[in-house]
Protein chains: 4
Amino acid sequence: MSAKKGCITRERKVELSTRLSRIEGQIKGIKKMLDDDRYCLDILQQVSSIFEALRGVGKVIMRNYLEICATDALQSKRKERQEEIYGELMDIIYKFAK
Amino acid sequence: MSAKKGCITRERKVELSTRLSRIEGQIKGIKKMLDDDRYCLDILQQVSSIFEALRGVGKVIMRNYLEICATDALQSKRKERQEEIYGELMDIIYKFAK
Amino acid sequence: MSAKKGCITRERKVELSTRLSRIEGQIKGIKKMLDDDRYCLDILQQVSSIFEALRGVGKVIMRNYLEICATDALQSKRKERQEEIYGELMDIIYKFAK
Amino acid sequence: MSAKKGCITRERKVELSTRLSRIEGQIKGIKKMLDDDRYCLDILQQVSSIFEALRGVGKVIMRNYLEICATDALQSKRKERQEEIYGELMDIIYKFAK
């Protein structure tokens with residue numbers, strides 16, 4: 001847990017909340033498919049849709065990070081802060097950009 | 001939607017249901033992080049944990065498919081059914097094994 | 001290194017060899033782009049094409065494994081060998097199916 | 001093909017060239033494994049190593065892009081150029097960060 005404070009814009013919070021609620025609905029849908037004894041590959045297909053939906057959530061947050069946090073650091077006058085951000089950016093990109 | 005009937009074992013249904021409920025909890029957790037105005041990368045980290053949890057769900061279903069559906073087809077005496085299954089297997093593996 | 005002997009069919013060996021030679025050519029192409037001082041994202045695009053080409057190589061080998069090695073094990077009369085293969089299959093699928 | 005001129009630093013060109021030569025060697029190694037009739041999963045393992053090596057190449061170029069091209073755009077005084085870069089960055093990150 002980081003001590004850094006929130007930076008996600010109000011509009012993005014609303015969008016993320018909507019996307020997350022939709023994913024909750026998709027998960028309930030999979031539970032129902034299990035109860036209904038559906039074919040395993042039909043269920044796997046639905047799991048794949050949730051992956052896509054979750055990727056959408058990740059992208060909104062990644063863009064927020066780039067526009068706000070990374071930009072702020074890159075525009076900073078402090079050279080060492082600029083240097084630091086590249087390692088951080090690479091870590092984040094290769095860890096989270098699924 | 002496939003007309004094929006369910007093939008997921010009772011034990012796996014229970015396991016999947018438990019995993020899915022846990023993911024629902026994780027999603028509610030992210031909503032709370034948004035409300036609490038938490039730092040975007042902390043939230044992205046949690047999204048990443050849900051990807052991992054969802055991968056776990058996918059693996060249980062993939063294994064069920066291999067053990068039951070694919071095995072049944074590969075042990076079939078009908079040559080053409082055996083041939084057919086390889087294309088199906090490749091599709092499934094490269095589409096769903098995330 | 002495994003002591004198991006080769007199982008790749010003659011046709012697939014020819015196909016794989018052709019694909020690998022093409023990838024060698026693509027790598028030389030990237031070296032030339034560096035010499036020609038080309039724009040970094042144009043080069044990254046080419047690297048991405050090699051990923052695709054390499055994925056093609058992996059798929060040919062994966063299919064060979066499924067058709068020959070995995071099928072042989074799954075059709076085996078020995079129950080314990082059948083059980084063993086599922087763990088192996090899952091490992092291989094989730095490790096190599098990129 | 002982009003009309004933009006090269007931006008990869010001299011040091012990175014040397015590093016990339018070395019990495020690419022090593023990958024050429026790995027590809028020749030796989031061709032030899034085919035000739036030697038090696039076990040398919042041993043070969044698949046080697047293909048996987050090339051994926052890793054290629055990922056290393058991609059990361060060097062991605063970092064060059066971030067440090068030079070993206071930073072230049074983000075520090076630009078032109079607001080519209082800054083806006084433009086976020087879409088470009090997202091595209092690149094989700095397309096190339098494998």
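Me: Let me start from this: two residues are in contact if their C-beta atoms, placed from the backbone, lie within 7 Å. Among contacts in chain A between residues at least 6 apart in sequence, what percentage join residues at least 24 apart?
Reply: The figure is 59%. Keep in mind that this is a predicted model.

Me: OK. How many helices and strands does chain A have?
Reply: Chain A has three helices and zero strands. Read from the N terminus, the order of elements is α-α-α.

Me: What radius of gyration does chain A have, next to a compact globule of 98 residues?
Reply: Chain A has 18 Å, whereas a compact globule of 98 residues would be near 13 Å.

Me: And what box do its C-alpha atoms fill?
Reply: Along the principal axes, the C-alpha atoms of chain A take up a box of roughly 60 × 25 × 20 Å.

Me: What share of chain A counts as buried?
Reply: Buried residues make up 32% of the 98 in chain A.

Me: Moving on to the pairs. How many residues of chain A are in contact with chain B?
Reply: On chain A there are 41 residues in contact with 41 residues of chain B. Helix 1 (10-35), helix 2 (40-74) and helix 3 (79-96) of chain A each bring at least two residues to that side.

Me: Which helix of chain A gives the most to it?
Reply: Helix 2 of chain A does, with 17 residues on the side that touches chain B. Sorted by class, that side of chain A has 25 nonpolar, six polar and ten charged residues.

Me: What rotation superposes chain A on chain B?
Reply: A rotation of 180 degrees, with 0.0 Å of shift along its axis, superposes them at an RMSD of 0.0 Å. The C-alpha of chain A nearest the axis belongs to Glu24(A), which is 3.0 Å from it.

Me: Why do the copies A and B meet through the same surface?
Reply: Because 100% of the interface residues of chain A are also interface residues in chain B.

Me: How many residues of chain C are in contact with chain D?
Reply: The contacts involve 41 residues of chain C and 41 residues of chain D. Helix 1 (10-35), helix 2 (40-74) and helix 3 (79-96) of chain C each give two or more residues to the side of chain C that touches chain D. Helix 2 of chain C gives the most, 17 residues. The classes on that side of chain C are 25 nonpolar, six polar and ten charged.

Me: What percentage of the interface residues of chain C are also interface residues in chain D?
Reply: It is 100%, so chains C and D meet through the same surface.

Me: How far apart are the nearest C-alpha atoms of chain A and chain C?
Reply: They are 12 Å apart, and chain A and chain C do not touch. Chain B and chain D have no contact joining them, and their closest C-alpha atoms lie 12 Å apart.

Me: Which residues in the largest nonpolar core touch the most other members?
Reply: Ile61(A), Ile61(C) and Ile61(D), in a core of 107 residues.

Me: Take Ile61(C). Which residues of chain D does Ile61(C) touch?
Reply: Leaving out residues up to four places away in sequence, Ile61(C) touches Cys40(D), Ile43(D), Leu44(D) and Val47(D).

Me: Last topic, the loops. Where is Asp37(B)?
Reply: Asp37(B) is in the loop between helix 1 (10-35) and helix 2 (40-74) of chain B. Its phi is positive, about 60 degrees, although Asp37(B) is not a glycine.

Me: Is Asp37(B) buried or exposed?
Reply: Exposed, because Asp37(B) has 11 other C-beta atoms within 10 Å and the cut-off for exposed is 12 or fewer.

Me: And what is phi of Asp37(D) near?
Reply: Phi of Asp37(D) is near 60 degrees, a positive value in a residue other than glycine. Asp37(D) sits in the loop between helix 1 (10-35) and helix 2 (40-74) of chain D. Asp37(D) is exposed, with 11 other C-beta atoms within 10 Å.

Terms used:
Residues are numbered from 1 along each chain as its sequence is written. Chains are lettered from A and ligands numbered from 1 in the order in which they are written. This is a predicted model: local features need pLDDT of at least 70, side-chain atom pairs count only at pLDDT 80 or more; totals for chains, interfaces and linings use all residues. Helices (H or I, at least four residues) and strands (E, at least two) are DSSP runs, numbered from the N terminus. The radius of gyration is taken over C-alpha atoms; the globule rule is 2.2 Å times the number of residues to the power 0.38. A residue is buried if 20 or more other C-beta atoms lie within 10 Å of its own, exposed if 12 or fewer, and partly exposed in between; C-beta atoms are placed from the backbone. Ala, Val, Leu, Ile, Met, Phe, Trp, Tyr, Cys and Pro count as nonpolar, Asp, Glu, Lys and Arg as charged, and the others, Gly among them, as polar. A nonpolar core is a set of buried Ala, Val, Leu, Ile, Met, Phe, Trp, Tyr and Cys residues joined through C-beta atoms within 7 Å. Copies are superposed by least squares on the C-alpha atoms of residues with pLDDT of at least 70 in both.
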